[in-house]
Amino acid sequence: MTVPIDQHIEQKQDVTFRIFRFNPQVDSKPYFDDYTIPVERGITVLRSLNYIKEHIDASISFRAFCQAGICGSCGMRINGLSQLACTTQVWEVLAKSREPGLIRVEPLRNLPLIKDLIVDMDPLVDKMKHYSNWIDSTMPESSMGKKEFLISEEEFLRYDKATDCILCASCVSECSILRANKEYVSPAVLLKSYRMNVDTRDALHGQRLAELVKDHGVWDCTHCYRCQETCVKSIPIMDAIHGIREDAIELRGLKDTSGSKHAEAFMSDIEKKGKLVEATLPIRTNGVFWTIQNLLPMAVKMIMKHRTPPPPPLVKPAKGIKVFRELFREMTEHVKQDHKSHKK
Amino acid sequence: MKRYAYYLSCINESMTKEVDRSIELWQKDLGIEFVKLHEGTCCGGSNLDYVSPKHFALVNARNIALAEKQGLDLIVSCNTCLMTIRSAKKKLDETPALKKEVNDLLKKEGLEYRGTSEVRHLLWVLIDDIGLDAIRQKVKVPLKNYRIAPFYGCHILRPSTVLGHDNPVDPSSLDLLIDALGGQTIPYTHKNRCCGFHTLLVAEQESLNVAAEALEEAIQLKADFIVTPCPLCHTSLDGYQAKALKHAGVESSIPIFHISEMVGLALGYSAKELGIKRHIVS
C-alpha cells in the first residue's frame with residue numbers, strides 16, 4: 001500500500017526542548033533554556049540535543065557516546081522519567097506529554113550535579129567498590145589460564161538478565177530510598193551484588209552478603225518498584241533484591257537483622273493464624289526499647305482513636321485455619337526437601 | 001447486582017477498619033455485592049515471597065481458589081495485597097510445575113487453583129465495571145468544594161508487568177473517580193510516588209522522609225485532602241504524618257482519605273458513619 005505524500009509532510013513538527021542549565025562556576029541557581037527545533041518522526045532525544053548543541057547553543061553539556069543504548073552514558077530525565085536519550089524517540093515522548101510540543105530534559109536525580117545534564121557517577125562507583133561488585137575467583141591462581149571455568153546453563157540463567165545492566169543509573173535516579181538518604185546502597189549496586197553472589201565461581205559471597213545486610217543495605221529497600229519500572233534494559237531488579245534477601249535468610253537466619261525479623265513475623269503469623277498480628281510487629285522487628293522510644297506517642301493517639309491493632313489473643317484466626325495449617329506445614333516439608341537436593 | 005469475592009486485608013481488619021465499614025455502607029447503592037472471604041489468609045504483604053517463594057505461592061493460590069470456587073473475581077482494597085496476589089497468580093500461571101505442586105496440596109481442602117478468577121482492585125471495579133457515568137448519577141453530595149490530591153501508591157501501578165491498569169508514569173483512574181464524584185483533582189507530582197510504608201519499621205527515618213515529601217507537596221498545593229486507594233499508604237501518610245512533618249520542619253497538616261470514604265461522602269453518608277473520625281489527622 002502506498003502512503004499519501006501529505007502524511008509524510010506531517011511527520012515533522014516543531015518541538016521545544018526545555019533544558020535544565022546549571023554551571024556551578026557561574027550560576028547562583030539552576031534555570032531552564034528553551035530551544036525550538038523541527039523534528040522528524042524517528043529522531044531520538046539525543047540526536048535532538050546534538051542538533052541543538054551543534055546549531056544553536058554549544059554551551060549545553062551532556063554525556064553521550066555509543067548512540068545505541070549500549071554504553072549507558074546518556075541517562076537523563078526526559079519529561080520527568082529517567083531514561084537513555086539515545087533510545088528515546090521524541091515523537092513517543094510527545095504523545096504522552098502533558099504540555100503539547102514540549103519536552104523537559106533534566107539531569108538524573110540522586111547523584112551530585114556537575115554541569116547541566118551531567119551528574120557525578122563517583123558515588124555510585126564508590127558503592128560498587130564498597131559492596132565488592134566483582135568476582136573474586138575461587139579457582140587457584142596456578143590453574144588460571146590452563147582450564148576453563150565452566151558454569152551450567154541453569155546457573156547462568158539465574159543472573160543472565162542482571163548482566164544486561166549498563167550502569168546508566170536510571171534506577172538510581174528513580175529510587176525512593178536513595179532520595180531520602182544518599183547513603184543507601186542503591187538499586188544498581190544491589191543488582192550487581194546479586195549477580196556476583198549467585199555466581200558459583202565467586203569467593204566473596206559471605207563477605208559481600210555480610211555487608212549487604214548492614215544499615216543502608218538490602219533491607220532498606222521499600223519495594224516501590226520504581227527502579228524496575230524505569231530500567232532501560234527491562235531487568236527485574238526487585239527479583240534481584242528479593243534474591244539477596246532470600247539468600248540472607250537462608251544463610252544468616254531469620255533473626256539476623258530487623259529486616260529479616262520483620263519478614264519472619266509474616267511467615268510465622270500466617271502459619272499460626274493465617275493473619276498478621278500487627279500489634280506486636282514493631283516489638284518483634286526492633287525490640288521493646290525501640291518500640292517504646294519510637295512509637296509510644298503515636299500509640300497513645302491511636303488508642304484515643306480506637307485505632308490500635310488487637311492484641312495477639314484477640315486476633316481472630318482465618319476460618320478453617322486447622323486445615324490451612326496442615327497444608328502450610330506440608331509445604332515446609334517440600335521446601336526442606338528442595339534445600340536438601342539443592343545442596344547435593 | 002454485580003457479585004465479587006472480597007479479600008479481607010489484615011490491616012483493614014485491625015487498624016483501618018473504616019475501609020471495609022464504608023464499603024459495606026455504599027456497595028448496594030452502586031449495585032455491588034461483595035462476598036467476604038473469611039477463609040482467606042494474609043497474602044504475605046510483599047515479604048513472604050522472598051522468605052519462602054513456595055509458601056507464598058500456596059497461600060495465594062488458595063486465596064484465589066476460594067474465589068474461583070464461587071465463580072467470582074477476587075476484589076482487593078489494599079495495593080500491596082493486590083500486587084502480591086497478582087504476582088503469585090502470574091507465577092502460578094507461568095509455572096505449571098509449581099501450580100501442580102500447590103494444587104496437590106490444595107486438593108486436601110477441596111480446592112483447586114485454575115487461574116480463572118481475576119484479581120482486581122476496588123478502584124478498577126468502580127471505573128471499569130460500575131462506570132464513571134453510573135457513579136456520577138448516584139452522587140448526592142458532589143465534592144465540588146474540595147481540592148483533592150490523588151495519591152495512587154506504588155503497588156496499584158508497579159510493577160506494570162503485574163498490574164497494568166494505569167500508566168505508572170501518569171496514572172489517571174483515581175483522577176477520573178474524583179472528577180465523577182464532583183471533586184477537583186489537582187496536578188500532584190507525587191501522585192505515583194511512594195509512601196514509605198514498607199520500611200517504617202526497618203528504616204524509619206528514610207520512610208518518614210519519603211512520606212513527608214508527598215505530604216509537603218499536597219500542603220503547598222493547598223489541597224483539602226489527599227485520597228489514596230491503599231490502607232498502607234493511609235497509615236503512613238495519616239498515622240505517621242505528625243512525626244514525618246515534624247522532622248521535615250513543616251508546621252501544618254492534611255487529612256488523608258481512603259477512596260471508600262470519598263465515595264461514601266459523595267453518596268451522602270456522614271463522616272461519622274464512614275468512620276472518618278478514626279483517622280489520626282482530622
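This tour moves through a predicted model of chains A and B, from the overall scores to individual helix pairs and backbone details.

**Whole model**

Begin with both chains displayed. The model scores ipTM 0.96 and pTM 0.95. Colour chain B by pLDDT: the average is 97, and 100% of the residues score at least 70.

**The contact between the chains**

Next, select the residues where the chains meet. Chain A contributes 57 residues to this contact and chain B contributes 51. On the side of chain B that touches chain A, the elements giving two or more residues are α1 (10-14), α3 (48-51), α4 (53-69), α6 (96-106) and α10 (204-220). Highlight α10(B), which supplies the largest share of that side with 5 residues. Colouring this side of chain B by class shows 20 nonpolar, 17 polar and 14 charged residues.

**Domains of chain B**

Where they touch, 26 residues of domain 1 are in contact with 27 residues of domain 2. On the domain 1 side, α1, α2 (17-26) and α5 (79-94) of chain B each give two or more residues. The domain 1 side as a whole divides into 10 nonpolar, 10 polar and 6 charged residues.

**Helices α4 and α6 of chain B**

Remain in chain B and select α4(B) with α6(B). Their axes are 10 Å apart and the helices pack at an angle of about 70 degrees, which makes α4(B) roughly perpendicular to α6(B). The crossing of the two is right-handed. Show side chains for A57(B), L58(B), A61(B), R62(B) and A65(B) on α4(B), and for L98(B), V102(B), L105(B) and L106(B) on α6(B); these residues make the contact. By class, the contact of α4(B) with α6(B) holds 8 nonpolar residues, no polar ones and 1 charged.

**A cis peptide bond in chain B**

Move to P159(B), in the loop between β5 (147-150) and α9 (173-180) of chain B. The peptide bond joining R158(B) to P159(B) is cis, with omega about -5 degrees.

**Domains of chain A**

Switch to chain A, where the assignment gives domain 1 (11-117), domain 2 (121-142 + 152-252) and domain 3 (269-343). Taken over C-alpha atoms, the centres of domain 2 and domain 3 of chain A are separated by 29 Å.

Centre the view on S186(A), in the loop between α7 (176-180) and α8 of chain A. S186(A) has a positive phi of about 85 degrees although it is not a glycine. Most residues other than glycine have a negative phi.

Finally, select α8 (residues 187-197) and α11 (residues 237-252) of chain A, which pack at an angle of about 55 degrees with their axes 9 Å apart. The two helices α8(A) and α11(A) are therefore oblique to each other, and their crossing is left-handed. From α8(A), select P187(A), L190(A), L191(A), S193(A), Y194(A) and N197(A); they meet I237(A), A240(A), I241(A), G243(A), I244(A) and D247(A) of α11(A). This contact comprises 8 nonpolar, 3 polar and 1 charged residues.

Key
Residues are numbered from 1 along each chain as its sequence is written. Chains are lettered from A and ligands numbered from 1 in the order in which they are written. This is a predicted model: local features need pLDDT of at least 70, side-chain atom pairs count only at pLDDT 80 or more; totals for chains, interfaces and linings use all residues. Axes are lines fitted to C-alpha atoms, for helices over the stretch in contact, and angles run from 0 to 180 degrees between N-to-C directions. Helices (H or I, at least four residues) and strands (E, at least two) are DSSP runs, numbered from the N terminus. Angles under 35 degrees count as roughly parallel, over 145 as roughly antiparallel, 65 to 115 as roughly perpendicular and the rest as oblique. A crossing is left-handed if the near helix is turned anticlockwise from the far one by less than a right angle, and right-handed if clockwise. Two residues are in contact if their C-beta atoms, placed from the backbone, lie within 7 Å. Ala, Val, Leu, Ile, Met, Phe, Trp, Tyr, Cys and Pro count as nonpolar, Asp, Glu, Lys and Arg as charged, and the others, Gly among them, as polar. Domain bounds come from an automatic or database domain assignment. pLDDT is the predictor's confidence in each residue, from 0 to 100.
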